[in-house]
Amino acid sequence: MIDKNSPIPVYFQLKEAILEKISKGYWKVGECIDSERELAEHYEVSRMTIRQALGELVQEGILVREKGKGTFVCEPKVRQQDVMSFTDIIEKSGGNLETELLEFKLIDTPEELIDLLKDEKVYKINRMRKVDGECIANEIVHISPRVCGELNDEMLKGSLFKIIEENGHFINHSESAIKAIVMDDFYKNLFRVSKVLPLISTFGTTLDENNNILFVEESIYRSDKYILEVNISRREGKLK
């Protein structure tokens, strides 16, 4: 129950209590949780406190509000906040990751990437990342053998970050452009779904501590399953 004498804010205690009920299966994915009035009566707190706790859970993708129907438990989402490999993110979240290699070959560096990767030959690695059997992310990476060494199919079932670091490079940060895209028939086939789902696209570079570009990656994520948290510093934006 809620301890109103605790230094921990009441809304935060309530939030944790709701999360505990969800984790224990009291409310399952897709089910409507108790109304604000019922929660207020049960926990003996104000409805304003209830709204604050529920609001944070909605922002975090745990719950979703449907007008006129109530508040429902969302499917768990993959959440990325820091520079981490997709493999590490899924391991941290407790999901079961499977990697399907769609394309892997050594190619002439595309003209638009030569100045970035500074090599005449690069690996093109196209991987579909599945979590608990569902296609969540499609990643296309261009990377120089100077950075990753000699690769094979088996190695690419795991973490590319780990391979890079084992070759003596330190991954410091990434710089990405992010946009929403429309799921057309191509993406339906790619993600093996029959209905239109929301997608986000990222195009970015991952750099070492000396700001040398290690690889270029273009990724498509199902945004109903994946949350990308971004910290924004003040700087000029661009309109297109």
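Student: Two strands count as paired if DSSP finds at least two bridges between them. With that in hand, what is the bridge partner of Ala180 in β8?

Tutor: In β8, Ala180 has Ile200 as its bridge partner. Keep in mind that this is a predicted model.

Student: OK. How many bridges join β7 to β8?

Tutor: Ten bridges join β7 to β8, which covers residues 199–208, and the two strands run antiparallel.

Student: And what's the strand order in the open sheet?

Tutor: There are six strands in that open sheet, in the order β4-β5-β6-β9-β8-β7, with antiparallel pairing. β4 (97–108) and β7 (171–181) are the edge strands, as each of them pairs on one side only. From one strand to the next, the twist averages 15°.

Student: Staying with β8: is Leu207 buried or exposed?

Tutor: Leu207, which sits in strand β8, counts as buried because its relative accessibility is 5%, and the cut-off for buried is under 20%.

Student: Which residues does Leu207 touch, leaving out those up to four places away in sequence?

Tutor: Leaving those out, Leu207 touches Phe170, Ile171, Asn172, His173, Ser174 and Glu175, plus Asn212, Ile213 and Leu214. As for His169, it is 38 residues from Leu207 in sequence, while their C-alpha atoms are 9.5 Å apart in space.

Student: Which residues of α3 are buried?

Tutor: Thr49, Ile50, Ala53, Leu54 and Leu57 are the buried residues of α3. They lie on the same side of α3 because they cover an arc of only 125° around the axis. Met48 and Gln59, on the other side of α3, are exposed.

Student: What do the buried residues of α3 pack against?

Tutor: They pack against α1 (10–23), α2 (36–43) and β1 (63–66).

Student: And what follows α3?

Tutor: Gly61 follows α3, with a positive phi near 80°.

Student: Now α1. Which of its residues are buried?

Tutor: In α1, the buried residues are Gln13, Leu14, Lys15, Ala17, Ile18, Lys21 and Ile22. Their cover includes α2, α3, β1 and β2 (70–73). With 14 residues, α1 reaches 20 Å from first C-alpha to last, close to the 20 Å expected at 1.5 Å a residue. Just after α1 comes Gly25, with a positive phi of about 85°.

Student: Cysteines next. How many disulfides does a search of the whole structure find?

Tutor: The search turns up zero disulfides.

Student: Is Cys74 buried or exposed?

Tutor: Cys74 counts as buried because its relative accessibility is 15%. Cys32 is partly exposed, at 34% relative accessible area.

Student: Big picture, then. How many helices and strands does the protein chain have?

Tutor: The chain's secondary structure comes to eight helices and ten strands. It has 240 residues, and 39% of them count as buried.

Student: Last one: what percentage of contacts between residues at least 6 apart in sequence join residues at least 24 apart?

Tutor: That figure is 57% for the protein chain.

Definitions and conventions. Residues are numbered from 1 along each chain as its sequence is written. This is a predicted model: local features need pLDDT of at least 70, side-chain atom pairs count only at pLDDT 80 or more; totals for chains, interfaces and linings use all residues. Side-chain values use heavy atoms; hydrogens and water are left out. Buried means under 20% relative accessible area, exposed over 50%, partly exposed in between (1.4 Å probe, protein chains only). Helices (H or I, at least four residues) and strands (E, at least two) are DSSP runs, numbered from the N terminus. The arc is that of the directions from the helix axis to the C-beta atoms. Contact means heavy atoms within 4.5 Å. Axes are lines fitted to C-alpha atoms, for helices over the stretch in contact, and angles run from 0 to 180 degrees between N-to-C directions. A disulfide is a pair of cysteine sulfur atoms within 2.5 Å. The expected span of a helix is 1.5 Å times one less than its number of residues.
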